Amino acid sequence: MKHLKIASVGVLSLAAATMSAATKAEDLTLCWAAWDPANALVELSKDFESASGHTMNFEFVPWPNFADRMLNELNSGGKLCDLLIGDSQWIGGGAENGHYVKLNDFFDAEGISMDDFAPATVYAYSTWPKGTPNYYALPAMGDANGWFYRKDWFERDDIKAAYKEATGQELGEPKSQKELLQIAQFFQEREIDGKTVYGAAIFTERGSEGITMGATSALYPWGFKYENTPGEYDMEGAVNSAEAVEALEFYKEFYKTATPPGYTNSYMGESLDAFKSGQVAMAMNWFAFFPGLYADPDTGGDKIDFFVNPPQNQEGSTLGGQGISVVSYSDKKEASLEYIKWFSDPEVQAKWWSMGGYSAHNSVLQGDTFKDSAPFAADFLLAMDNVQDFWQEPAYAELLLAMQKRVHDFVVADQGTAQEALDKLIEDWTEVFEDEGKL
Amino acid sequence: MSDSTADKLAQKTPRRVARKIKGLSDRAIAWLFVGPTIFLLLAVNIFPLLWTINLSFTNFKANRINREVKYIGLRNYERILGDSDIWLSMQATAHFLFWTLFFQVLIGFALAWLINRKFRGNDLWTTIIVLPMMLSPAVVGNFWTFLYQPQIGLFNYIITFFTGADPSSFEMLGSVDLAPWAIVIVDTWMWTPFVMLICLAGLRSIPDYIYEAAEIDRASKLRQFFTITIPMVLPFLMLAILFRGIENFKMFDLVVQLTGGGPGSITEMASINLKREAFEKWRTGYSSAFAIILFVTVFGLASIYVKALNKVKER
């Protein structure tokens, strides 16, 4: 088997080398967010460089500025990026505004099948209009919002006994959102090893997408829907349903009663900092960070464990992750497509996962050893089975900022009720869709 | 023939150019000199302004260049003026503007008055006081974020030291009630020295003989202050208010660093709102209309103010 793998990598390299002989060596620039998986991709791409003769350059932008920076680049027809690993919500704008190259003909010609990738990732990262076989990206990095916790604290007898006494239940990974809150409240302002710790780090950031990604992690398990009928934009009764109101009130209670002080504008970085500094017992964040967290010398290894976003009325996780697209303004489309072909290969995908990237390829995800390959691998599969994403419309930025405002106003700034926040959100979104000519 | 530098330079004018200029009137030569400046002004100020006015009547979105652009009359203006969120951002701007000007004028004038007195280390203190305004607003915003941190921040620690309150019990940047004051404090800390310097210039411009005459007339110190110092410093003070007022009306960087407009939208100034509409939501037509409204507001208020300033100067 090992010989077979080596042989197939050899054949692949030979094929890439042959292709590169036909096209001249190019300097390609790949744009993405600056985070752990991006570093892994730099390492992985060295194989492509040696096989193809092309040189890879990288433009990584910190998450808070990623959308602004990259969408400005696309909207101005910039040539900075030949390849872009763009957020899932950009696919509508990327396709309709002509920023991304449509990949159907290329996939057909090269024998790349979307059936080889996890359906949820193809739907979310590649297709526009949603669910149709029109592909503008190859699933590059599967991701969802999950949880991690201080396993060493959860296993301590004194803490377990205190929890049992306080709640009458055993302390363990929560099986529901309400149990999650109960555990977080138990740890809130608790003295552990002479230090005051807090319940959990959740997303409350106002400027980009933070609080929306956090709040939807409560909304989806409660059964939140964007529309009553998909594609009809009939939001009344869906966005502001009784379940949605309850979920939003729940998120506010979580923020008020179980997070560290001053946690008013926090996202990925703050969540990681709070956990690594031993400030919180649990934290939400994207699966993409989990390999780094597990490897952390102070709070990783035996001290950490992971769980999927707990259900309430149903299973539900907030989708993250991205697809890789060829930017239509690039002068090096041929070489960029070569990269995508190389990246889609199962062997490369297997290596991608082994280096810390989240492959969406079925050969990796359905492999016999996948679930045991990392302590969070099984949770990742579970999460990806039940992911939901935000609107992916071309006007997604307006839709997102409206939700950021309404949710932050209610959860953090105590303005109005959950019902009012969601009613106003429908008004905002209706106005956007009217402007778009969709209502 | 004179040997002045100007003459020497004039003699160096190439003959071909000299011949061409020779026939030009003074007026034409004046236009020749100011022409490039006027062209630059038209290109970078007037044309964009006119273009913005044009865009403000459309539904244009800069990120949707393929979409048909429609003229929608005054609809953008109607939406803005009827939008309660816009009025909240104007309210936040007004709160910030009023209180920063109030504190900066009060403290700035008091500091200038103290510094104007001759004492040992006068220059050193002046240098120390003006340090904050030399820093970048982004840097100031960042380190005040740490100072305001409820668990490790120095600000909360000092309040705790004096009041005994638990430092984690209040959040300067996270509380709806405190966040508007948190940004006022930082702006006041940073820009009071500017007001102080202008007031100091005003105080030092008052001739000593006026005070000496007042002393001879047996005017009390208080009377001297209100009848000599204040009226003579007033034009300087009003100039400082004008500069700070215009700056703070368009305040952006400091507040974005400190609160990002939050919590919720409590500290979302008009400029932050405008940036979100223009470059995050990409509602170019709508944001153009908003920019025009803000421009007219600042321009109108500044014009009235300058007239008042001129009247004070004439007195």
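So, how many residues of chain B are in contact with chain A? In this predicted model, 24 residues of chain B are in contact with 22 residues of chain A. If we sort the chain B side of that contact by class, we get 7 nonpolar, 12 polar and 5 charged residues.

Okay, let's go into chain A. There's an open sheet here, built from 5 strands in the order E2-E1-E3-E11-E4, with mixed pairing. Look at the edges: that's where strand E2, 55–61, and strand E4, 138–141, of chain A stand. Each has a single partner strand, so one side of each has no neighbour in the sheet. On average, neighbouring strands of this sheet are turned by 30 degrees against each other, direction ignored.

Now the helices. Helix H2 of chain A, residues 36–52, packs on the sheet and touches E1, E2 and E4 of chain A. Its direction makes about 170 degrees with that of E2(A). Helix H3 of chain A, residues 63–75, packs on the sheet too, touching E1, E2 and E3 of chain A, and here the angle with E2(A) is about 110 degrees.

Let's zoom out. Chain A is divided into domain 1, which is 2–143 + 320–388, and domain 2, which is 145–318. Their C-alpha centres lie 30 Å apart. Where they touch, domain 1 of chain A gives 21 residues and domain 2 of chain A gives 23. On the domain 1 side, H2, H3, helix H17 and strand E12 of chain A each supply at least two residues, and the largest share, 4 residues, comes from H17(A). By class, that domain 1 side has 14 nonpolar, 4 polar and 3 charged residues.

Note on methods. Residues are numbered from 1 along each chain as its sequence is written. Chains are lettered from A and ligands numbered from 1 in the order in which they are written. This is a predicted model: local features need pLDDT of at least 70, side-chain atom pairs count only at pLDDT 80 or more; totals for chains, interfaces and linings use all residues. Two residues are in contact if their C-beta atoms, placed from the backbone, lie within 7 Å. Ala, Val, Leu, Ile, Met, Phe, Trp, Tyr, Cys and Pro count as nonpolar, Asp, Glu, Lys and Arg as charged, and the others, Gly among them, as polar. Two strands pair if DSSP finds at least two bridges between them. Axes are lines fitted to C-alpha atoms, for helices over the stretch in contact, and angles run from 0 to 180 degrees between N-to-C directions. Domain bounds come from an automatic or database domain assignment.
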